[in-house]
Amino acid sequence: MSGKRGKALTFIYKPLGWFPVIIINAIAVWSYFAYVVILCFDSVEDPIERAIYLIFYHPFFLMFMISYWKAILTSPGYVPSKFYLTSEDTEKYESAENPQDVVNDIAKDLPIVTFAVNKSTRFCEPCHMIKPDRSHHCSMCQRCVLKMDHHCPWVNNCVGWGNYKYFVLFLFYSILYTMYITFTTLKYFIKFWGGNHMDTRSSLHILFLFFVAAMFSVSLWSLFGFHCFLTLNNRSTLESFRGPTFQHGPDKNGFNLGKMNNVKQVFGNSKWKWILPVFTTLGNGVVYRTATSLEPIESNGLLQGNHYDYDDDSASEKDTLLEHEQASPIYDARTTTASAFINDDTVLTLSDSEGEDVMFDLTNTVDQGNQLLTVPLNNSRGNSGDELT
Ligand code: ZN
Ligand code: ZN
């Protein structure tokens, strides 16, 4: 497709992309009117029943709308500039006999543990960029997206690392919202079905409200169930079709850290925030812990692993483990000696072979990538400043 034609299509497609969003919002606004005005005020005669319906209805409606709009407006996460070819790299790439060799060479300095099926570095031709683990190119967005799950027309946005929690919450609250409407309108639906008590306008609204809510609540369960399965197993939708390829081969469970850790990776360490539409997803979307990084690793005498208990579904005592997950894959790839504990947002602690803690500042990890462990905060052996990676 020529560039001009592509741009013209984008120009047409972009506004059209909002059409499903407008439909969902129109249904949501109508459902509010039908429930609050037609059902509660026009049809429910008992004031206590009306008050109870309204008091419980509004939190469901608000949470549904907030998580929906968060999924729409939050960036799924895009690839940092260090993964793009520089102009110098591009020159090399374009003049090379085997451009893949150039890409493979550049990728050596990047925190990557997955490959294309043929074990070459994953490269995005349209973006001119080396793909970080779990990222994929979205042909609708025309760019690569971190931990891409799928492009969702209902939110007119890619669903990826940055907004996956909101997307799952959107499904969750959609089900709660529609189930609540289904159960509370059932009595009035039956009344109307018998042909009593209601004028035609109210009856039609309540009839449709019941049918639409029941239809959505039933149909969303399978999608929500599928995403619960994906979250528990640490897979994206794309990875559920084709597992990422690691050094040891394709492996759908390559990022599976145990159910509790998998859930925490998406929903965060604080359990009470799991159901709130606030950003609590762990890591930076670029680098991920791998299942193999949690396996016991033999010490080579330099640093001994403070390794994590992999088979752990009740990891509450290690609530802070997964903060800044960018640490361990780099560590594993280069030293194969240790996994890491993260104390808070900025400090990584490793135990050395004598069992002493060495702490590192992680403040600039997102921007500086492969220089992750360059700033020891304390170092008992006095080699502060040495680059360990
Ligand atoms: Zn791309
Ligand atoms: Zn997309």
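Of the contacts between residues at least 6 apart in sequence, 60% link residues at least 24 apart. The model is predicted. Its chain has 389 residues, and 34% of them are buried. The secondary structure consists of eleven helices and twelve strands.

**Nonpolar core**
- The largest nonpolar core contains 50 residues.
- Ala71, Phe167, Phe170, Ile206 and Leu209 have the most contacts inside this core.
- Helix H6, residues 164–193, supplies the largest share of the core, with 14 residues.
- In soluble globular proteins, nonpolar side chains tend to be buried together.

**Around Ile206**

**Helices H2 and H3**
- Two packed helices are described by the angle between their axes and the distance between the axes.
- Helix H2 spans residues 19–43, and helix H3 spans residues 47–73.
- Their axes come within 11 Å and cross at roughly 170 degrees.
- Angles over 145 degrees count as roughly antiparallel, so H2 is roughly antiparallel to H3.
- On the H2 side, the contact is made by Val21, Ala28, Tyr32, Tyr35, Val36 and Cys40.
- On the H3 side, the contact residues are Arg50, Tyr53, Leu54, Tyr57, Phe61, Met65 and Ile72.
- By class, the contact of H2 with H3 has twelve nonpolar residues, one charged residue and no polar ones.

Definitions and conventions:
Residues are numbered from 1 along each chain as its sequence is written. Chains are lettered from A and ligands numbered from 1 in the order in which they are written. This is a predicted model: local features need pLDDT of at least 70, side-chain atom pairs count only at pLDDT 80 or more; totals for chains, interfaces and linings use all residues. A nonpolar core is a set of buried Ala, Val, Leu, Ile, Met, Phe, Trp, Tyr and Cys residues joined through C-beta atoms within 7 Å. A residue is buried if 20 or more other C-beta atoms lie within 10 Å of its own, exposed if 12 or fewer, and partly exposed in between; C-beta atoms are placed from the backbone. Helices (H or I, at least four residues) and strands (E, at least two) are DSSP runs, numbered from the N terminus. Two residues are in contact if their C-beta atoms, placed from the backbone, lie within 7 Å. Axes are lines fitted to C-alpha atoms, for helices over the stretch in contact, and angles run from 0 to 180 degrees between N-to-C directions. Angles under 35 degrees count as roughly parallel, over 145 as roughly antiparallel, 65 to 115 as roughly perpendicular and the rest as oblique. Ala, Val, Leu, Ile, Met, Phe, Trp, Tyr, Cys and Pro count as nonpolar, Asp, Glu, Lys and Arg as charged, and the others, Gly among them, as polar.
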